Amino acid sequence: MGSLFRSEEMALCQLFLQSEAAYACVSELGELGLVQFRDLNPDVNAFQRKFVNEVRRCDEMERKLRYLEKEIKKDGIPMLDTGESPEAPQPREMIDLEATFEKLENELREVNQNAEALKRNFLELTELKHILRKTQVFFDEQEGGVNQTTESMTRALITDEARTAGASMGPVQLGFVAGVILRERLPAFERMLWRACRGNVFLRQAMIETPLEDPTNGDQVHKSVFIIFFQGDQLKTRVKKICEGFRATLYPCPEAPADRREMAMGVMTRIEDLNTVLGQTQDHRHRVLVAAAKNLKNWFVKVRKIKAIYHTLNLFNLDVTQKCLIAECWVPLLDIETIQLALRRGTERSGSSVPPILNRMQTFENPPTYNRTNKFTKAFQALIDAYGVASYREMNPAPYTIITFPFLFAVMFGDLGHGAIMALFGLWMIRKEKGLAAQKTDNEIWNIFFGGRYIIFLMGVFSMYTGLIYNDIFSKSLNIFGSHWHMSYNKSTVMENKFLQLNPKGDYEGAPYPFGMDPIWQVANANKIIFHNAYKMKISIIFGVIHMIFGVIMSWHNHTYFRNRISMIYEFIPQLVFLLLLFFYMVLLMFIKWIKFAATNEKPYNEACAPSILITFIDMVLFNTPKPVPEKCEVYMFLGQHFIQVLFVLVAVGCIPVMLLAKPLLIMQARKQANVQPIAGATSDAETGGVSNGGSHGGGGGHEEEEELSEIFIHQSIHTIEYVLGSVSHTASYLRLWALSLAHAQLAEVLWTMVLSIGLKQEGWVGGVVLTCVFAFWAILTVGILVLMEGLSAFLHTLRLHWVEFQSKFYKGQGYAFQPFSFDAIIENGAAGTDAE
């Protein structure tokens, strides 16, 4: 089988590279993305490796690029992204890149420092301008000019004794300071002045209407101008200390009005000059950033590629001559020639004359699991890997999941209208995938939707199909072929009677509706749900049993591929027989009942004689004889049913000890005979990690010490109990297909009945307005609840059916993923190194 159904065959190779050609060869391998390197220096500290200095240089270049990116984003300059990925630069080009980044960083830092100094000077001049303007208002508030104002302030600040004592000494002179403070600090500032100066100061303040820009961080701050009058040097010192404590900025303010006017004119002139210089500085900064924005994306790619190469080279070993680098790597067996061609290209680019050597090694180590995917299969493979990465060469469920996952989802979500909404959304993302992929975003919800666009599209398409089968579109039906039921009800009976039901004896014409459900069931209020329940419940069990049987058959391919003869005979066959004789027989009973019993038939095959499948199955397992049904009804559905059922149960029960004991006993016998190792094919999955002869498949297999017999018996007991009990619980678990389908249909009907039908009942122009509003509300609820929430619920239940009920039959998922050295993956994740470091 191809790699789509199993992981790729892997080989462990040893790679010899000449030191001069190592960088170019690793660069070519990074572009290829098909080689996973192993760390040959696990005990060496990261700071003691050979290329640690080059990695540090790349770290420093990345730091400078991040600084440039931050400044570019701060100015809102778009960065050019052509979508192209430049090749990794040669080592000698690192010097040119470092010089370019150093020059840009120094120039930008110098410009920023100059701009910050100019902005700080501009802020000081602006604050001084407001101080001169506001203090002039303070001094001119009262009539009589400055002298009367000063005199009134003096009277307010000086006590009567001081006035009497100072009368013979002449007029008292008041001092003052003026400054600016943050508006939110002003109340506390005023209280502190009052308490510290005991009320012997006079404070006036006014708000600055326009916010001012903080030169440090560019934030807009609100400030207020204040002026404080006081008397004496002692109060002056105290006032200045309080201003310093509240981080208020003090400015010189002349006492004479003429001096203040002259200073204000000088301040305005300097502000205009500063505006001009600031504009030129900002223009220069913008030009520098615009030039850097054109190349920033490519610079990031180049630096990350260089750093990734040196990270990878640090995983290599140096030979004794210090002229050759030795590496070990996992490679896909089919791609060895492609890898050798890439190594030759790297050697030619470096100008080396010594060709690289790629030797295949023999190993017992389990190889990594590598499943090739494209943009379509990638999302389905991610669903499988989320449960667990497949063991090496184990059957891959992803190809089958492409069909079974959207189908089982659609069984629960079946509605033609809701499926169309989902399919159109998925189709829109598929058609616009190039543009949407280029618009990288950190919104994880959108990334999940976009990554699963093909899953969403298929789920919508399959839901449209099952919606046609259920004949359900927004809880209504489509009458495409005409109903095959004929009733004599009049219009008033159909519209007003809430307990209408269909009678198969008289109303059904005998021929089924050509495709899906007959639309007449929409008006059968009394027995519509009963009919749908019986139908959906049975098909849920049918699909579930077929799905589980398919999972058991998949285990056969694992056993045959790994040549595990004991597991093939004593695990697969009993498991399949157990499932077929009990649960597939129950499915057959459903079909027999549908075929033989009908409402139009005469007894003993009338619908009144139809037995319950559940009761029949329980009686079969308990060996109960069904009680005779009166009025000429047959106890059994076919001749010899009782004998067949007893035989099936006995054989199925007999399979349990075979599954439980046969494999451990044969392993024990084989060990006694060989007395060294188990015979070929007699090893358990636990012994070999699921690989018995993987070495013949290109990568080596697990080779571990023999497992204790007691552990083998315990492991087999757990496996048998899990399978037997799981077969019962898993069959019942598929009833979620019926339950969620019923819930989805009922929710859609509730929305139609309680929301949209209200708008449809209105008449006239008022009805049009009401219908528009009601339809909008109905559409929002439909998309929000029935498509998104119900869709997510059905998705999770479908995921559980695949992970637990289906994959548990054959899939172990105990491997580890192949993680090749790939530039694309590194750049996509925004990482500068590899997981090895």
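Modeller: Contact here means heavy atoms within 4.5 Å. This is a predicted model, with residues numbered from 1 along each chain as its sequence is written. Local features need pLDDT of at least 70 and side-chain atom pairs pLDDT 80 or more, while totals for chains, interfaces and linings use all residues, and side-chain values use heavy atoms, leaving out hydrogens and water.

Biologist: Start with Gln 575. What does Gln 575 touch, leaving aside residues up to four places away in sequence?

Modeller: Val 552, Ser 555, Met 659, His 719 and Tyr 723 all touch Gln 575.

Biologist: Is Gln 575 buried or exposed?

Modeller: Gln 575 has 4% relative accessibility, so it counts as buried (under 20% relative accessible area; exposed is over 50%, partly exposed in between; 1.4 Å probe, protein chains only).

Biologist: Which helix does Gln 575 lie in?

Modeller: Helix α19. Helices are DSSP runs of H or I with at least four residues, strands runs of E with at least two, numbered from the N terminus.

Biologist: How does α19 pack with α23?

Modeller: Helix α19 (residues 565-596) and helix α23 (residues 709-733) have axes 11 Å apart, at an angle of about 20 degrees. That makes the pair roughly parallel. (Under 35 degrees is roughly parallel, over 145 roughly antiparallel, 65 to 115 roughly perpendicular, the rest oblique.) Axes are fitted to C-alpha atoms over the stretch in contact, with angles from 0 to 180 degrees between N-to-C directions.

Biologist: Which residues make the contact?

Modeller: From α19, Glu 571, Gln 575, Leu 576, Phe 578, Leu 579, Phe 583 and Met 586. From α23, Gln 716, His 719, Tyr 723, Val 724, Ser 727, Val 728 and Thr 731. His 719 and Tyr 723 are also among the residues that Gln 575 touches.

Biologist: New topic. How do α2 and α3 cross?

Modeller: Helix α2 (residues 52-74) and helix α3 (residues 93-139) cross at roughly 40 degrees, and their axes come within 10 Å. The two are therefore oblique to each other. On the α2 side, the contact residues include Arg 57, Cys 58, Met 61, Leu 65 and Leu 68. On the α3 side, they include Ile 95, Leu 97, Phe 101, Leu 104 and Leu 108.

Biologist: And α10? Which residues of α10 are buried?

Modeller: Ile 336, Ile 339, Ala 342, Leu 343, Gly 346 and Thr 347.

Biologist: What covers the buried residues of α10?

Modeller: The cover includes strands β1 (10-18), β10 (324-332) and β11 (357-361), plus helix α1 (19-32).

Biologist: Which exposed residues sit on the face of α10 turned away from its buried side?

Modeller: Glu 337 and Glu 348.

Biologist: What follows α10?

Modeller: Gly 351, with a positive phi near 80 degrees.
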